[in-house]
Amino acid sequence: KIRIQEATDDLKISNNRLLEKTRQLEQSNQKLRQLDQLKSDFVSMVSHELKTPLTSIIGFSKTLLSLSLPEQQRIKYLKIIEDEGKRLALLIEQYLDISKIEAGKFTMKNEEVEMISLVKESIERHRFRSDHSIALEAPPSVPLLRGDAEHLKRVIINLLDNACKYSPAGAKIMVSIGEQNGAVVVYVKDSGPGIKKEEMSRIFEKFFRGSNEISERNRGSGLGLAIAKGIVEAHKGGIWVESEYGKGAAFGFSIPLQKPDTVSPFHG
């Protein structure tokens with residue numbers, strides 16, 4: 001009877017181990033399936049997004065080489081080629097950045113950063129490029145923090161780019177900065193359509209683009225917010241979005257004021 005009980009106990013232990021191994025194997029398979037899907041998405045996105053500007057560059061270059069055009073028309077075509085070339089360079093830079101982020105090789109400088117200056121510079125840049133009304137709410141000063149000024153500026157510019165893209169022409173965009181709970185907090189609020197509830201949790205995923213008319217009308221890699229998230233988290237901060245569909249969206253991020261020994265690369 002004792003031997004039967006011991007054999008039963010051993011069998012239960014073996015079954016539990018088998019179940020645990022099966023669970024681990026299923027988790028590994030799930031990760032492989034996700035990686036395979038990401039790979040497919042990446043290849044599809046790259047082939048589509050890179051093909052579009054390349055087609056324009058080649059097409060307008062052939063036109064300039066084969067036809068004798070008025071000077072005004074020639075300058076117009078050259079400007080299109082320049083714009084598409086810049087777009088192509090930006091896409092390649094974004095693909096390289098997201099690869100570095102995921103590989104944990106996206107290193108940062110560790111320098112003093114004055115966030116109010118970065119926010120003001122970013123706003124001025126947009127005032128020359130768009131007809132939106134951008135208002136800033138800021139105290140006279142906020143404490144300096146440690147980090148990489150250029151990368152943090154990229155985050156602010158990305159949020160402003162999105163706010164302008166999704167807001168009607170001439171609409172108001174609110175930007176605020178302040179100190180809260182030992183961190184510098186920046187908010188960018190647009191006047192756009194807002195984000196659907198079911199899409200909120202995916203908004204910072206790479207390649208994700210919302211299902212609305214503006215997203216379909218505007219070309220983009222779907223990498224901007226994923227890169228912004230990587231930069232913020234490399235600074236040991238957090239990034240989030242608040243939105244009610246039909247009433248605009250507010251993106252915010254915070255960077256802690258505590259001085260880290262080093263600003264570490266992001267590890268996904």
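Strands count as paired here if DSSP finds at least two bridges between them; helices (H or I, at least four residues) and strands (E, at least two) are DSSP runs, numbered from the N terminus.

**Ground rules.** I'm working on a predicted model, where local features need pLDDT of at least 70, side-chain atom pairs count only at pLDDT 80 or more, and totals for chains, interfaces and linings use all residues. Residues are numbered from 1 along each chain as its sequence is written, and side-chain values use heavy atoms, with hydrogens and water left out.

**Sheet.** I started with the strand order. Five strands make an open, mixed sheet, ordered S2-S4-S5-S7-S6. Strands S2 (133-137) and S6 (238-243) sit at the edges with a single partner strand each, so one side of each has no neighbour in the sheet. On average, neighbouring strands are turned by 15° against each other, direction ignored.

Then I followed S5 (residues 183-189). It pairs antiparallel with S7 (residues 249-256) over seven bridges, and Tyr 187 stands opposite Gly 252 there. On its other pairing, seven bridges join S5 to the antiparallel S4 (residues 172-180), with Gln 180 opposite Ala 183. S4 and S5 make a hairpin with two residues between them, and Asn 181 in the turn has a positive phi of about 50°. For burial I used relative accessible area: buried is under 20%, exposed over 50%, partly exposed in between (1.4 Å probe, protein chains only). Five of the seven S5 residues are buried, so the strand is largely enclosed by the rest of the structure.

S6 and S7 are also antiparallel, over six bridges; Ile 239 has Phe 253 as its bridge partner in S7.

**Core.** What do I call a nonpolar core? I mean a set of buried Ala, Val, Leu, Ile, Met, Phe, Trp, Tyr and Cys residues joined through side-chain atoms within 4.5 Å. The largest one has 52 residues, and Met 115, Phe 251 and Phe 253 touch the most other members. Helix H4 (residues 149-166) gives the largest share of this core, eight residues.

I looked up Phe 253 by contacts (heavy atoms within 4.5 Å). Leaving aside neighbours within four places in sequence, its list includes Met 115, Val 155, Leu 159, Val 185 and Trp 240.

**Helices on the sheet.** Axes are lines fitted to C-alpha atoms, for helices over the stretch in contact, with angles from 0 to 180 degrees between N-to-C directions. H3 (residues 115-129) lies across S2, S4, S5 and S7, at about 170° to S2. H4 lies across S2, S4, S5 and S7, at about 175° to S7.

Buried residues in H2 include Tyr 77, Glu 84, Arg 87 and Asp 97. Gly 104, after H2, has a positive phi near 70°.

**Salt bridges.** My rule is a side-chain nitrogen of Lys or Arg within 4 Å of a carboxyl oxygen of Asp or Glu, and the count comes to ten. Which residue pairs with Asp 161? The partner is Arg 125, at 3.9 Å, N to O. This pair links distant parts of the chain, H4 and H3, 36 residues apart. Lys 86 and Glu 82 meet at 3.5 Å, N to O; Lys 86 is exposed at 52%, while Glu 82 is partly exposed at 39%.
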